[in-house]
Amino acid sequence: MEHVGEHLVLVDDAGARVAEIEITRVELTPFAEVGWEFADAEGEGYKSTAEWRETHRGYWAGLGYEVEDSTTVVCLWFRLIPPTPTSP
């Protein structure tokens, strides 16, 4: 599981590096208790936590995972690490 201070590299579909993030907060939360602060921080335009839950329940179902209200989810908070300038 991710931990505070860990750096992760994000890649595109071709495996090329597109960004690096640093984990700033990790919360293990029952699915039904994921709060508005986290749902809103995803930046997907959700209007409520109910909409967030419906969307995520459908997404995970499409991957073959059944999510119950008591299912523990890992909520990750992160900051974007600025790219390192490259030398010419």
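Good morning, colleagues. Please keep in mind throughout that this is a predicted model.

I begin with the strands. Strand 1, residues 7-11, pairs with strand 2, residues 17-30, in the antiparallel sense, and five bridges join them. Histidine 7 stands opposite glutamate 22 in strand 2, and leucine 10 has alanine 19 of strand 2 as its bridge partner. The hairpin formed by strand 1 and strand 2 has five residues between the strands. Within this hairpin, glycine 15 takes a positive phi near 90 degrees.

Strand 2 also pairs with strand 3, again in the antiparallel sense, over 10 bridges.

Which residues make up the largest nonpolar core? There are 10 of them: Phe31, Val34, Phe38, Ala39, Tyr46, Trp52, Val67, Val73, Cys75 and Trp77. Helix 1, residues 36-41, and strand 3 each supply at least two residues of this core. Strand 3 gives the most to this core, with three residues.

Leaving aside residues up to four places away in sequence, valine 73 touches Glu27, Leu28, Thr29, Phe31, Val34 and Trp60.

I come now to the largest pocket, which holds about 160 Å³ of space. Its lining consists of Phe38, Glu42, Trp52, Trp60, Val73, Val74, Cys75 and Leu76. Which element gives the most to this lining? Strand 3 does, with four residues. At least two residues of the lining come from helix 2, residues 49-62, and at least two from strand 3, residues 72-81. By class, the lining has seven nonpolar residues, no polar ones and one charged residue.

Finally, I would draw attention to aspartate 40, which is found in helix 1. Is this residue buried, partly exposed or exposed? Aspartate 40 counts as partly exposed because its relative accessible area is 44%, and that class lies between the limits of 20% and 50%. Aspartate 40 and glutamate 54 are 14 residues apart along the chain, and their C-alpha atoms are separated by 14 Å.

Thank you for your attention.

Technical notes: Residues are numbered from 1 along each chain as its sequence is written. This is a predicted model: local features need pLDDT of at least 70, side-chain atom pairs count only at pLDDT 80 or more; totals for chains, interfaces and linings use all residues. Side-chain values use heavy atoms; hydrogens and water are left out. Two strands pair if DSSP finds at least two bridges between them. On a 1 Å grid over the protein atoms alone, a cavity is a set of points where a 1.4 Å probe fits but cannot get out, and a pocket is an open set with protein on both sides within 12 Å along at least five of seven lines; lining residues have an atom within 4 Å of a point. Grid points are joined across faces, edges and corners, and a volume is the space filled by probe spheres set on the points. Ala, Val, Leu, Ile, Met, Phe, Trp, Tyr, Cys and Pro count as nonpolar, Asp, Glu, Lys and Arg as charged, and the others, Gly among them, as polar. A nonpolar core is a set of buried Ala, Val, Leu, Ile, Met, Phe, Trp, Tyr and Cys residues joined through side-chain atoms within 4.5 Å. Buried means under 20% relative accessible area, exposed over 50%, partly exposed in between (1.4 Å probe, protein chains only). Contact means heavy atoms within 4.5 Å.
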